[in-house]
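Please open the model in your viewer and keep the sequence panel beside it.

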Amino acid sequence: MAMDIRDINSMNYESFLDVFGNVVEKCPVIVAAIWSRCPFLSVSDMESSIAEFIDSLPQSGKEGILRCHPDLAGRDLLSGKVTAESQGEQRQAGLASLSPGEMERMKQLNSHYKNKFGFPFVICARMSNKAQIFQELSVRVNNPPSQELLKGIEEVKKICHLRIQAIVSTSTQPTKL
Ligand code: 2AL
């Protein structure tokens, strides 16, 4: 059964963190912070609270969020060390089955990007396919750092939106007596 905003608003912070803790990759502190804004008017109001919280962070905080994301098709994906959410997203975009040549190219582009910006390339993998991701990475690496920071954060919000949608649409709620 789907979860609605009343179910969400009735959660204590431990449950809220258990359920939504990874909607921003490896950044449960964001979700822990926005629990204070309960009750939310709607799921999209909750998403807006997350977005506002992220936007209110200084540049170093935004960079920190990006740094919590694994490299696409990186070593951690291959060794099964990424979060379940990230693994599903990267698999769906075809990044778990790159050819050796594609792996090498991805590695080079990722490291070029990280050397230039000091944070990893982040894109909402579920909204792209392999070819688009290569294309975006090749283009975005030429952007100025301030633009790329904002672009990366916009992608984090898209990832967050899809993760929340997946949770609220598939979650089974305990039967209320
Ligand atoms: C990711 C990730 O983990 N999921 C996704 O959609 N994109 N990482 C990344 N570096 O873009």
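Helices (H or I, at least four residues) and strands (E, at least two) are taken here as DSSP runs and numbered from the N terminus. With the cartoon shown, the elements can be followed from the N terminus as α-α-α-α-α-α-α-α-α-α, that is, 10 helices and zero strands. This is a predicted model, in which local features need pLDDT of at least 70 and side-chain atom pairs count only at pLDDT 80 or more, while totals for chains, interfaces and linings use all residues. Residues are numbered from 1 along each chain as its sequence is written, and side-chain values use heavy atoms, with hydrogens and water left out.

Select the C-alpha atoms next: along the principal axes they fill a box of roughly 55 × 35 × 25 Å.

Now colour residues 5-58 + 165-170 as domain 1 and 65-160 as domain 2, bounds that come from an automatic or database domain assignment. Their C-alpha centres lie 24 Å apart, and 12 residues of domain 1 are in contact (heavy atoms within 4.5 Å) with 12 residues of domain 2. About 1100 Å² is buried between the two domains, 66% of it on carbon and sulfur atoms; buried area is the accessible area (1.4 Å probe) that two parts lose on being put together, summed over both. On the side of domain 1, select Glu25, Lys26 and Ile54, which lose the most area to domain 2 and together make up 44% of what that side buries.

Which side chains meet in a salt bridge here? Show lysine 157 and aspartate 55, whose side chains form one at 2.8 Å, N to O; the term requires a side-chain nitrogen of Lys or Arg within 4 Å of a carboxyl oxygen of Asp or Glu. The count between domain 1 and domain 2 is one salt bridge. Helix α4 (residues 43-56) gives the largest share of the side of domain 1 that touches domain 2, four residues.

Finally, turn to the backbone. Lysine 26, in the loop between α2 (13-20) and α3, has a positive phi, near 50 degrees, in a residue other than glycine. Proline 39 is found in the loop between α3 (28-34) and α4, and the peptide bond from cysteine 38 to proline 39 is cis, with omega near 0 degrees.
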